[in-house]
Amino acid sequence: MDLSHIFNSKKVLVTFFYAVFIFISFAKAHPSGAHNSEVDQTETLTSGEEEDITKVILHHISDAHDWHFWGHGEHKVGLPLPVILWTKKGLVTFLSNKYDNDKKGQTVFEEKGQQLVNFHDKYYYPSPEKNAEGNYVTLDENHIPTNAKPLDISFTKNVASMFISITILLIIFISIARSYKRREGKAPKGLQSLLEPVILFIRDDIAKPQLGYRYATFMPYLLTVFFFVWINNLLGLIPFFPGGANLTGNIAVTLMLALCTFILTTINGNKNYWGHVFKPHVPWWLYPLMIPVEIIGLFTKPMALTIRLFANITAGHILILSLISLIFILKSIFVAGVAIPFVLFISLIELVVGFIQAFIFTILSALFIGMAIEEHAEHGA
Amino acid sequence: MSLNPLVSPDPGLFIWSTVAFILLFFLLSKFAWKPIVKALNERERSIEDALSKAEMAREELNKLTSENEHLLKQARIERDEILKQAKILKDQVVNDAKVLAQVESSKMIEKARHEINNQKAAALEDVKNQVATLSLDIATKILRKQFEDQKKQQALVSDFLERIELN
């Protein structure tokens, strides 16, 4: 009974999707040449759109050495960021806009006696000779260079975005902490009352149920992870500076967060936890099977955490970018009438997803730590 | 075979994010989470305290109220008792007074009657004496007259005799 309205709304949604697809196929059947020039000006799409769109989207969701605001080529406006490379000849640093005219690896430049080449915003040691396309790189079948590269520890767009988010977090929470001190024992006010329910939610619905009486020890970690992931999810949804970096959709960051949980789990694991791994509650002759499975299980947990957050956030970004790209693929401004409401709709969903993924990451971290510190691992038999 | 750059973790970003996250963790733990969690716990405790105190006060009040009521009830019962006893006493007093009055009055009546009787008896005695004296006087006078005439003396004696026989 209660579900009927959901089915109804689903029906409406499905109808809407069909309408959009019919509209799109109609628009594609009658491409209007009048809009071509506009499209060409706004994006660097000339031919072979699908291929280029993929590149544009991948470019948007991956890290960059500069913070691009708008414009292209000579009119490009952006914030150059420091490039820091640990090369064979030591540390090499320069601003990213110094060598970004050629991103196809056609010119070799030398910085502090180290020859380097920029290929798609990544720095490689150049190949001794040009390849057939005039690049100093050797490409494999996926068009990825096989050249060796220096350790790139540049202050990239994602790093900058991360420091922005960290600054925001510090400002918000230190000011909240101060208002807790100033208004001791009184009702929360302003920002404090906005975030207090969230903090209480983490304490009462995540930490306490999963960690039991030892919850207080892990509260700082859980709160930090939750707010770090949440604010970066939200910053990622802002399409322009200071947002726009896809930090929580970057596998290095999610891997780092998952490893933090993994390390906490491992160093806090008690006798029960390790006993469960190395002496599982199964007949002894199953040990050769179970012990490897349990050991793999130790590592699948952080893997799952890594992939889940990365995939969810990246998928959201790809979805939004794809919907916007529809306008350029179909070369019709009218597609925007459909694409933009959809982008708005998906963006709203992404707002929710941003919170949910932060919540899921935190609750799973708490769950894994809780499993490691559980006192009584009773197993029936 | 190379991994898609999307799913190959970039070591530089990994290093930066590790350093930044650990820094964030320590800064927030020291300057934010510790005071916030402490303040929250303290406030919760104080709220709980206040609530339990309020509960206690309410119980105290309830106890007082019920005690008051009890006292009032007792007082009322006592008052009723006193009134009842007073009524009984009053009735008794009235009754006693009535009985006493009756007894007294009947005694007085009895006394009066007695006096009356005495007086009556005295008066009768007096009347009898006077009657006797008068009768003797009369008789003397009559006899003097009668004895002046023989015949009349004779008639009288016979008359007397006749009357005695008739009686």
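These notebook entries record what I looked up in the predicted model shown above.

**Conventions**

I number residues from 1 along each chain as its sequence is written, and I letter chains from A and number ligands from 1 in the order in which they are written. Because the model is predicted, I take local features only at pLDDT of at least 70 and side-chain atom pairs only at pLDDT 80 or more, while totals for chains, interfaces and linings use all residues.

**Entry 1: chain B**

I looked up the secondary structure of chain B and found two helices and zero strands. Here helices (H or I, at least four residues) and strands (E, at least two) are DSSP runs, numbered from the N terminus. The radius of gyration of chain B is 66 Å, well over the 15 Å that the globule rule gives for 167 residues, so chain B is more spread out than a compact globule. I take that radius over C-alpha atoms, and the globule rule is 2.2 Å times the number of residues to the power 0.38. Along the principal axes, the C-alpha atoms of chain B fill a box of roughly 205 × 35 × 15 Å.

**Entry 2: chain B against chain A**

I then turned to the interface, where 32 residues of chain B are in contact with 40 residues of chain A. A contact requires that the C-beta atoms of two residues, placed from the backbone, lie within 7 Å. The side of chain B that touches chain A comprises 23 nonpolar, six polar and three charged residues. In this classification Ala, Val, Leu, Ile, Met, Phe, Trp, Tyr, Cys and Pro count as nonpolar, Asp, Glu, Lys and Arg as charged, and the others, Gly among them, as polar.

**Entry 3: sheet β4-β3-β8 of chain A**

I found an open sheet of three strands in chain A with the order β4-β3-β8 and antiparallel pairing. β4 (90-95) and β8 (151-152) of chain A stand at the edges, each with a single partner strand, so one side of each is left without a neighbour in the sheet. Strands pair if DSSP finds at least two bridges between them. Strand β3 (residues 82-87) of chain A and β8(A) pair over two bridges in the antiparallel sense, and A:L85 stands opposite A:D152 in β8(A).

**Entry 4: sheet β5-β6-β7 of chain A**

Another open sheet of three strands in chain A has the order β5-β6-β7, again with antiparallel pairing. β5 and β7 (122-124) of chain A are its edge strands, each pairing on one side only. Neighbouring strands of this sheet are turned by 35 degrees against each other on average, direction ignored.

I followed β5 (residues 104-111) and β6 (residues 114-119) of chain A, which pair in the antiparallel sense over five bridges. Among the facing residues, A:E110 has A:Q115 as its bridge partner, and A:E111 stands opposite A:Q114. β5(A) and β6(A) form a hairpin with two residues between them, and A:K112 in the turn has a positive phi of about 50 degrees.

For helix pairs, axes are lines fitted to C-alpha atoms over the stretch in contact, and angles run from 0 to 180 degrees between N-to-C directions. Angles under 35 degrees count as roughly parallel, over 145 as roughly antiparallel, 65 to 115 as roughly perpendicular and the rest as oblique. A crossing is left-handed if the near helix is turned anticlockwise from the far one by less than a right angle, and right-handed if clockwise.

The axes of α4 (residues 157-182) and α6 (residues 215-237) of chain A come within 10 Å and cross at roughly 120 degrees, which means that α4(A) is oblique to α6(A). The crossing is right-handed. I list A:S161, A:S165, A:I168 and A:L169 on α4(A), facing A:F227, A:F228, A:I231, A:N232 and A:L235 on α6(A). This contact has six nonpolar, three polar and no charged residues.

The axes of α6(A) and α10 (residues 336-373) of chain A come within 9 Å and cross at roughly 160 degrees; the two are therefore roughly antiparallel. Their contact divides into 14 nonpolar, six polar and one charged residues.

The axes of α5 (residues 191-211) of chain A and α10(A) come within 7 Å and cross at roughly 25 degrees, so α5(A) and α10(A) are roughly parallel. Their contact has nine nonpolar, three polar and no charged residues.
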